[in-house]
Amino acid sequence: MPLECGQKALENILKVPGNNCCYDCEAPDCSWASVTIGCFLCIRCSGIHRQLGVHISRIRSVQLDNWTIDDCINLKKFGNGNLSKIYEINKPFIYKKPQSNSPPILLEHWIRAKYEWKEFHENTTQLPFYLKGVKTGTLHKKGKERGCWLPRHFMLDRTNRRITYYDKASTQGQKQLGSVPLDACFVLIVDERVVDRQNCLHILYRSGRTMRSVYVSGASVKEAVEWYYAIRSLQTQLGYSANCVDTVYESYLEKTPKEGKGQWRKRWCILVADRILYYKNIMDPFPKGEVKLSKLDKITKVTCVPKHVKAGPDYVFTLETKNRTYYWGTGSEEMCVTWMTKIEGVLQDLYI
């Protein structure tokens, strides 16, 4: 009888508005629940909750476990609809709630920040320093020429409005190795699902006539994401909030040389802000080129490639500017449509 009552209570709680999706990332999946916190979760977020330990979040399966009335107490008391008033009430606008397709480190940091570190809790009276744009510490930086990852001491320089990095932390004999202007850079999360390096950031900025990429990695999820938000927080305070954008889409595409003449070449492509940057390899310091979407005249899905274009991928789309037609190829129709949709979305935002 107690088990039957518990299952019936759980079924009724699931019918409450808001409890039909994941509380932490809004995925349309509520197959798991935190008994201690009182929320429903997707399988991905439930895995991160398990890492927190049962003293913070005890996870049970909605479908596979047996439920008692006691298991349902917090779910009935709180549920997805009421927890934001407790765990997210002090979240600043600069900190964006991750979605189900967000990079893993953003989702893990979000969950730990809420429940383990309680950075946005109703009882928290002061924001952590990184959300005030204050940060200094060691990151491993990928070398421009040799590609080696070496420790460098990074500092956010509010006075000079730059990210500055040095050869060591000690001020004695310290040598400045470089700096990045905050008014001309984007800081992006590198999705570990496409690279073999964890906790990576991509700092992208204008250097002369091209874009320079600096890749750094933190010792932990906490360190990497704190740098990500510290840079964005300072940019916002200095009036550069337009630079606080995320990667819209990235993947390998195949591309022809100018006007479709020559062999198709595989390129790593990143759609960010108002441009597509294409690289020979992931994490190269400089792109092979870029396409500014503000200069586009037309985007078209190609059903029949012109005769002067060599045979290549099965699915092709073009980007036409006043001076050039870019041919891009993909391995599937789905990816072709996705790229076109993402580009059209950026174009709409540019001309609103």
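This is a predicted model: local features need pLDDT of at least 70, side-chain atom pairs count only at pLDDT 80 or more; totals for chains, interfaces and linings use all residues.
Two strands count as a pair if DSSP finds at least two bridges between them.

Zooming in on one pair, strand S1 (residues 32–34) runs antiparallel to S2, and three bridges link the two. One of the residues to look for here is Ala 33, whose bridge partner in S2 is Phe 40.

Next comes a sheet of seven strands. This one is open too, and its strands follow the order S7-S6-S5-S4-S10-S9-S8, again with antiparallel pairing. Which strands stand at the edges? They are strand S7 (176–181) and strand S8 (185–190); each has a single partner strand, so one side of each is left without a neighbour in the sheet. From one strand to the next, the twist averages 35 degrees. Within this sheet, S4 and strand S5 (residues 149–157) make an antiparallel pair over seven bridges. To find this pairing in the structure, look for Lys 142, which stands opposite Trp 149 in S5.

Now for the loops and a bit of backbone geometry. Lys 118 has a phi near 50 degrees, which is positive although the residue is not a glycine. Lys 118 belongs to the loop that joins helix H5 (104–116) to strand S4 (136–142). Is Lys 118 buried, exposed or partly exposed? Its relative accessible area is 39%, so Lys 118 is partly exposed, a label used for values between the 20% limit for buried and the 50% limit for exposed.

Ala 273 is another residue other than glycine with a positive phi, this time near 55 degrees. Where does Ala 273 lie? Ala 273 is found in the loop between strand S12 (265–272) and strand S13 (275–279). With a relative accessible area of 25%, Ala 273 is partly exposed.

Note on methods. Residues are numbered from 1 along each chain as its sequence is written. Side-chain values use heavy atoms; hydrogens and water are left out. Helices (H or I, at least four residues) and strands (E, at least two) are DSSP runs, numbered from the N terminus. Buried means under 20% relative accessible area, exposed over 50%, partly exposed in between (1.4 Å probe, protein chains only). Axes are lines fitted to C-alpha atoms, for helices over the stretch in contact, and angles run from 0 to 180 degrees between N-to-C directions.
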